[in-house]
Amino acid sequence: MGLPALEFSDCYLDSPQFRERLKSHELELEKTNKFIKELIKDGKALIQALKNLSTAKRKFAESLNEFKFQCIGDAETDDEICIAKSLQEFAGVLQNLEDERTRMIENASDVLILPLERFRKEQIGAAKEAKKKYDKETEKYCTVLEKHLSLSAKKKEAHLHEADNQVDIVRQHFYEVSLEYVFKVQEVQERKMFEFVEPLLAFLQGLFTYYHHGYELAKDFNHFKTDLTISIQNTRNRFESTRSEVECLMKKMKENPHEHKSISPNTMEGYLFVQEKRSFVSTWVKYYCIYHREPKRMTMLLFDQKSGAKNDEESFTLKSCTRRKTDSIEKRFCFDIEAVDRPGVITMQALSEEDRRLWMEAMDGREPVYTLNRDSQNEAMAQLDVIGFNVVKKFIYAVETRGIDEQGLYRIVGVNSRVQKLLSLAMDPKTCADVELDSTEWEIKTITSAIKHYLRMLPAPLMTYQYQRSFIKAAKLDNPEARVAEIHSIVHRLPEKNRQMLELLTKHLAKVASHHQHNLMTVANLGVVFGPTLLRPQEETVAAIMDIKFQNIVIEILIENHERIFKDMPVSGGGQGNSQLNLPRRRSTDSKAPSCSERPLTLFHTPSFSEKDKAEKRNSVVVNSSADSPSVNCNSTLSWTRLNSLPTGDGDQDGLQLSKQSRPNSLQNSKVRSTVSTSPASPSPTSPRSPSWPMFSAPSSPQLASSTSSESSPVSAPPRKARALYACKAEHDSELSFIAGTIFENVHPSREPGWLEGTLDGKTGLIPENYVEFV
């Protein structure tokens with residue numbers, strides 16, 4: 001039930017019911033007054049709490065903003081830069097949010113506290129004052145009325161008339177005060193419906209504005225949050241691989257510390273005890289010594305490992321080093337050194353016999369030089385040869401046709417014994433034809449693990465020790481486009497076979513990444529898997545392991561930009577020059593033909609018409625020509641020559657081109673074209689006996705290859721025209737200089753193996769045979 005209405009007419013009656021109704025209004029006003037008083041107190045406490053919260057959040061944001069991540073290594077990945085920047089981003093968001101909160105707090109006092117206090121003082125306070133006046137007039141009226149009614153009727157008429165007038169005046173004044181009080185009470189009751197609630201609404205609106213500002217900040221922050229989430233996940237993935245590598249290195253160091261001791265060819269450093277004579281007493285003082293071989297400079301630093309205290313260092317130039325005989329001094333592992341710029345002999349004690357030997361080797365001491373006893377690792381059996389390329393192509397084809405959507409592709413490893421068995425069978429010329437990869441015998445994880453194991457078995461990483469640091473430095477460049485350009489340039493400086501294998505692999509990995517919604521192998525995940533394999537460092541150190549993240553970035557760039565990197569030549573003038581102008585081409589004094597590492601890769605077949613070959617013809621690739629079609633099998637004799645470009649392994653039949661060569665005079669043959677048998681009885685596409693799985697390709701025009709026979713004189717062939725595949729600068733007067741696309745006349749084999757003789761602009765000279773193709 002609500003409050004009863006107060007009628008003005010009831011003020012004249014002043015009945016008990018009126019007084020009761022008026023009392024209920026007074027109680028409600030008192031309750032409202034107390035409530036507003038408590039609300040103001042709570043509001044002030046809330047504002048103070050918000051101020052304290054804002055102060056705490058601002059301090060928290062300042063702490064975030066001041067902290068700087070320090071990563072291991074001399075550069076950071078984009079993901080690490082994003083993560084390091086995240087603290088400043090968090091601080092900025094919090095500070096922005098607190099700025100809005102500060103504005104809300106500053107307005108809260110004006111919006112909430114002051115209006116409530118004003119309403120309580122002005123309205124409810126006025127009602128209280130009116131009540132006091134009403135109570136006073138009530139008491140006065142009742143007193144006057146009682147006194148007036150007690151007058152005797154025997155009083156004079158004039159006196160009674162005057163008394164009546166006085167009572168009327170008091171009664172009238174009482175009625176007026178009663179009316180005003182009722183009016184004020186009802187006014188306050190009505191006013192509180194808006195003057196009390198409106199400040200609360202305004203305060204809530206300020207809160208909503210603050211929270212909406214937070215919502216807008218969250219929307220703006222969402223893009224960075226997504227990037228940061230990806231960066232955190234990538235960094236976590238790299239951490240897992242890096243941690244396992246570091247842990248593995250630590251275990252190796254524990255098991256055999258001498259094998260993994262860091263030895264520099266230019267410096268030798270470590271702790272030595274130096275004999276010092278003081279007051280006729282010999283003492284041994286521990287120094288940290290660094291010897292630089294090039295200037296023969298020795299630096300000694302007095303350092304206490306326990307306290308970390310470091311004193312001044314002393315340097316001198318070494319004159320000689322001599323091992324001390326055991327019977328000449330009580331201490332073990334001692335040797336004497338003499339300095340150019342310091343008088344006397346300095347006697348030093350190494351930590352062990354092995355340590356003394358290393359110091360003496362570094363300082364050319366008068367002691368026989370022993371080589372460091374290290375267990376030589378087994379020479380890797382994998383090579384970048386025909387068999388290796390065929391095996392990798394066959395494996396890739398099987399992965400792309402059978403399991404490219406399999407989850408965890410390349411991340412999930414196969415059983416080691418199965419992987420070893422598959423590789424041994426696939427790389428053995430006697431058994432390679434019997435490996436059926438479309439069979440359920442070989443799981444996809446076994447095939448992918450075999451690809452990775454083959455790459456790890458190479459004597460050097462696919463991207464070579466020589467350019468390993470160059471790739472890492474390129475990945476550390478600040479400009480993403482500069483990274484791609486630099487890696488593009490370095491790739492084209494790789495040996496031809498390495499670059500071709502890298503192109504084959506990266507194109508395959510790009511296909512794998514394009515199916516990441518099914519196999520969950522994004523470009524970043526593939527970088528984590530293949531970075532340490534393709535760019536493994538020559539020396540296994542913690543610093544090298546910390547660079548694994550940049551190895552991963554190099555692989556990511558290769559995958560994402562494989563078409564640009566491998567199809568286009570690097571832009572000249574970018575600091576590296578055109579790699580075509582830097583192709584390795586040397587003419588040795590003993591007139592040897594260019595080595596395989598100096599030439600790109602293709603496959604030539606020297607057919608053998610033995611009965612065994614005829615029996616294996618059903619397992620071979622058919623090559624059609626004007627002559628009889630010989631078969632190509634795993635036991636065929638193979639040789640290398642220059643190739644325009646390596647097939648990409650996508651199953652194109654254009655990539656199945658082989659040049660037939662039974663003797664060097666095969667230059668007389670007409671153009672050879674490779675065809676694939678369409679007989680229903682042909683082997684399955686994944687079978688090594690089938691011509692449909694990717695093989696090596698060569699230009700359709702036959703090219704001259706170095707003769708593999710023992711004859712030293714070249715076989716005569718009729719002169720032909722030839723086109724230059726690459727640019728070449730002459731190193732001798734007998735050679736020709738040319739650019740790519742040059743046409744030579746009267747080209748024929750020369751007497752020097754690996755070279756042709758031809759005519760250009762009327763001048764006759766030598767041409768590297770692996771730089772041209774016949775037209």
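1. Strands (E, at least two residues) and helices (H or I, at least four) are DSSP runs numbered from the N terminus.

2. The model is predicted: local features need pLDDT of at least 70 and side-chain atom pairs count only at pLDDT 80 or more, whereas totals for chains, interfaces and linings use all residues. Residues are numbered from 1 along each chain as its sequence is written, and side-chain values use heavy atoms, with hydrogens and water left out.

3. Within the sheet, strand S14 (residues 743-749) and strand S15 (residues 755-760) run antiparallel and are joined by three bridges. Glu745 stands opposite Thr759 in S15. Strands of a sheet pair through backbone hydrogen bonds, either parallel or antiparallel.

4. As to the whole, the protein chain has 17 helices and 17 strands. Of its 775 residues, 43% are buried, a term for a relative accessible area under 20%, with exposed meaning over 50% and partly exposed in between (1.4 Å probe, protein chains only). Among contacts in the protein chain with a separation of 6 or more, 69% involve residues 24 or more positions apart; contact means heavy atoms within 4.5 Å.

5. Helix H9 (residues 468-475) and helix H10 (residues 480-491) have axes that come within 8 Å and cross at roughly 165 degrees. Axes are lines fitted to C-alpha atoms, for helices over the stretch in contact, and angles run from 0 to 180 degrees between N-to-C directions. H9 and H10 are therefore roughly antiparallel (over 145 degrees; under 35 is roughly parallel, 65 to 115 roughly perpendicular and the rest oblique). The crossing of H9 and H10 is left-handed, that is, the near helix is turned anticlockwise from the far one by less than a right angle. On the H9 side, Ser470, Phe471, Ala474 and Ala475 meet Arg483, Glu486, Ile487, Ile490 and Val491 of H10. The residues of this contact divide into six nonpolar, one polar and two charged, where Ala, Val, Leu, Ile, Met, Phe, Trp, Tyr, Cys and Pro count as nonpolar, Asp, Glu, Lys and Arg as charged, and the others, Gly among them, as polar.

6. Residues in the contact include Phe389, Val392 and Ile396 of H6 and Met501, Leu504 and His508 of H11. The contact of H6 with H11 comprises six nonpolar, three polar and four charged residues.

7. Two residues other than glycine have a positive phi. Phe333, with phi near 60 degrees, lies in the loop between strand S4 (310-323) and strand S5 (334-339) and is buried at 15% relative accessible area. Thr464, with phi of about 65 degrees, is placed in the loop between helix H8 (444-457) and H9 and is buried at 10%.

8. Gln420 lies in helix H7 (residues 416-426) and is partly exposed, with a relative accessible area of 33%. Its C-alpha atom is separated by 7.4 Å from that of Ala450, 30 residues apart along the chain.

How values were computed. Pairing = 2+ DSSP bridges.
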